[in-house]
Amino acid sequence: MEEQKQNQKEKNKKNKLYYGIAILLAVIVIAGIAIWYITANNQTKNDTELAYTELIKKIDAGEVEKIEMTVGSSSAKIKLHGEEEEKNTSIPNTQAFIELIQTKVLEGNSIEFNQKKQNVLVGISQTLFSLLPTILLVVLFVLLFKMQGLGDKGKVYDAETTKSKIKFDDVAGLDEEKNEMMEIVNFLKDPKQFYEMGAKIPRGVLLCGKPGTGKTLIAKAIAGEAKVPFISMSGSEFIEMFAGLGASRVRKLFEKAKKVAPCIVFIDEIDAIGSRRTSGSGAETENNQTLNQLLVEMDGFDTEETIIVLAATNRPEMLDKALLRPGRFDRQITIALPDMKGREEILKIHAKGKKFAADVDLKDIAGDTAGFTGAELANILNEAAIIATIKKHDAITQDDVENAVKKVTVGLERQSRIVPEKDKKLTAYHEAGHAIVSSQLETQKDIKEVSIIPRGIAGGYTMYKTNEDKYYISKTEMEEKLVALLGGRAAEKIALNDISTGASNDIEVATQIAKDMIIKYGMSESLGPISVNTDKDPYELQLFGEKFGDAVGAEVKIMLDNAYLRAQTILANNMDKLNKVAQILMEKEVISAEEFENIIK
Ligand code: ADP
Ligand code: ZN
């Protein structure tokens, strides 16, 4: 909230400035046009035009009697033999033109050539006009420099008043990480002790992990524990449309840090500025300047300056290697997704201050939310509180929380949508297909719920129980996942002899998994243990040659075909169960785990 307000203020300031610039530009342009109008009129009054090439021809032909030019002007008045009226010609290169006439005169051409000084007033206005672009630029630069000062977004959580109140206790799980960070906290609290001992403390720590895993939170907690100011900025804020601003922002940020040291500087999304330097132009060069400035600042710390720079990224492999050298971000801490125990602890922290019914079991919810980030878990409990309020419950019930989980994962239930009977049947068979196929596969998870109530963009969904955290996924499990994913399409085909677009997402996911199995996890038998990182560079596949690409494509197709065939076989052998589940879904729209178990038995 605090930060939002501040951002708003800064935006207003910025807006005012842009407004000012716009008015100034308008005034300058109008004045320019007015001046130009006066001068131009003054000069070209009653003149007729003669093209430059024509003039040259006429000079050669000796038809020109008199040429008159004004110093500093690029047009000439031409009088031809036997004509009363003077003509006007604009001269592209006056110096070359004068030299040309001089040669012509030397060659015996009798041109009368006059250069005259210009009318003082016209002269001044013309000079002014020609200087306009320069004036404009100067004005712009002055404005930009001012704006840079105002737009400086480094937020200082002031040592006395708005110090980060977050403590390690507010960060659930991450025990090892917190232990490691304790060293930094102690250093910030009493740097002298470390200096006297000659101990070296890391200047920069890189926090790697998905968004929402608590990187910012832990950085704030370090500041909170050490009771030092927390200065933060996001990498994307350094990247501006005006060249040079990024670098000067970095400088300002560190100037500020030096003033309040000991302190924490936190740079979020460092990959926005810290990605590999290129020799490109424009925006890239701007990036390079910003990155170089950051490197300079980090190298320039005095030994006595107690500033710790924490930076967060989800893509450490993208970072310029120079950033990771000793004395810079030479320590990396990876913040993983929370495990079951971690999720329970995160839920406990965010449950504080919320009213829960007796039936709520946070451990249960932790079991259902493998793969969720801390931010998502916090979001679930907040959504649950909102759902409970809307339903006028006295307290948040287990049901509310489960609904919140669904809302966060599959999207909001859309009860208002009226589903035609035909679509209902299709969805019922599709979801029943996933459920039946999964239930017949050793490695696939148990069914938690099957539903044909539309949620988000999905027409229906099959939810699986997730109650264990795994560190590895086997090839067999991945292969069977493909079968389960294609179970929806297979059921449509087998039961209704038609297929729909409803399976498009399943097929997309299945294709991605098959591709990953081959070129990411090296699980292909024919291509062997190989890894082609197309996430980093989509063209990397091309490096391996056309034949290799063809082989990958062929293998992906074989894997998907096999999986589809297996799904169809499973369903053909379990037609009664498929029909039964689909039937119940059409009647009741939802099947619980127990009901499903009963049918399967
Ligand atoms: P990141 O910086 O990694 O994107 P944040 O630190 O901004 O993630 O996390 C967002 C929010 O998620 C936090 O403000 C907090 O509410 C919640 N959160 C994430 N991880 C944890 C955790 N380990 N313990 C408690 N809350 C967490
Ligand atoms: Zn599906």
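K87 and E83 form a salt bridge through their side chains, with N and O 3.0 Å apart. K87 is buried, at 16% relative accessible area. The model is predicted. In all, the count of salt bridges comes to 19.

**Other salt bridges**

- Side chains of opposite charge can pair when their charged atoms come close.
- E63 pairs with K58, at 3.5 Å from N to O. E63 is partly exposed, with a relative accessible area of 35%.
- E345 and K341 also form a salt bridge, and their closest N and O atoms are 3.6 Å apart. Both residues sit in helix α12, residues 340-351. They are four residues apart there, about one turn of the helix.
- K341 is exposed, at 52% relative accessible area, because the cut-off for exposed is over 50%. E345 is partly exposed, at 25%.
- E180, E183 and R331 join up in a network of salt bridges.

**The chain as a whole**

- The chain has 601 residues, and 43% of them are buried.
- Its secondary structure comprises 22 helices and 14 strands.
- Take the contacts between residues at least 6 apart in sequence: 74% of them join residues at least 24 apart.
- The chain exposes about 32800 Å². Carbon and sulfur atoms supply 54% of that area.

**Nonpolar cores**

- The largest nonpolar core holds 45 residues. Which of them touch the most other members? They are L482, V581, L585 and F596.
- Seen by element, those giving two or more residues to this core include the helices α16 (421-439), α17 (475-496) and α18 (504-519). Also among them are strand β12 (447-451) and helices α20 (546-572), α21 (575-588) and α22 (593-600).
- Helix α20 gives the most to this core, with nine residues.
- Another core, of 27 residues, lies apart from the largest one. Among its members are F168, V185, I201 and I333.
- V581 is in contact with A432, I436, I591, F596 and I599, leaving aside neighbours within four places in sequence.

**Cysteines**

- How many disulfides does the structure hold? The count is zero.
- C208 is buried, at 4% relative accessibility. C263 is buried too, at 0%.

- L128, L131 and I135 make a nonpolar surface patch of about 240 Å².
- L128 belongs to helix α4, residues 120-150. At 44% relative accessibility, L128 is partly exposed.

**Backbone exceptions**

- Most residues other than glycine have a negative phi, and most peptide bonds are trans.
- The peptide bond between A261 and P262 is cis, with omega about 0°. P262 lies in the loop between α9 (245-260) and β9 (263-268).
- N497 has a positive phi, near 50°, and is not a glycine. N497 sits in the loop between α17 and α18. Is N497 buried or exposed? N497 counts as exposed, at 58% relative accessibility.
- E589 also has a positive phi, near 75°. The loop that holds E589 runs between α21 and β14 (590-592). E589 is partly exposed, at 28% relative accessible area.

Terms used. Residues numbered from 1 in each chain as written. Chains lettered and ligands numbered in written order. Predicted model: local features only at pLDDT ≥ 70, side-chain atom pairs only at ≥ 80, totals over all residues. Heavy atoms only, no water. Core = buried A, V, L, I, M, F, W, Y, C linked by side-chain atoms within 4.5 Å. Buried < 20%, exposed > 50% of the residue type's maximum accessible area, 1.4 Å probe, protein only. Contact = heavy atoms within 4.5 Å. Disulfide = S-S within 2.5 Å. Patch = residues over 30% accessible without salt bridge, like charges linked within 9 Å, V, L, I, M, F, W, Y side chains within 5 Å. Areas by Shrake-Rupley, 256 points an atom, 1.4 Å probe, with all protein chains shown as cover. Salt bridge = Lys/Arg side-chain N within 4 Å of Asp/Glu carboxyl O.
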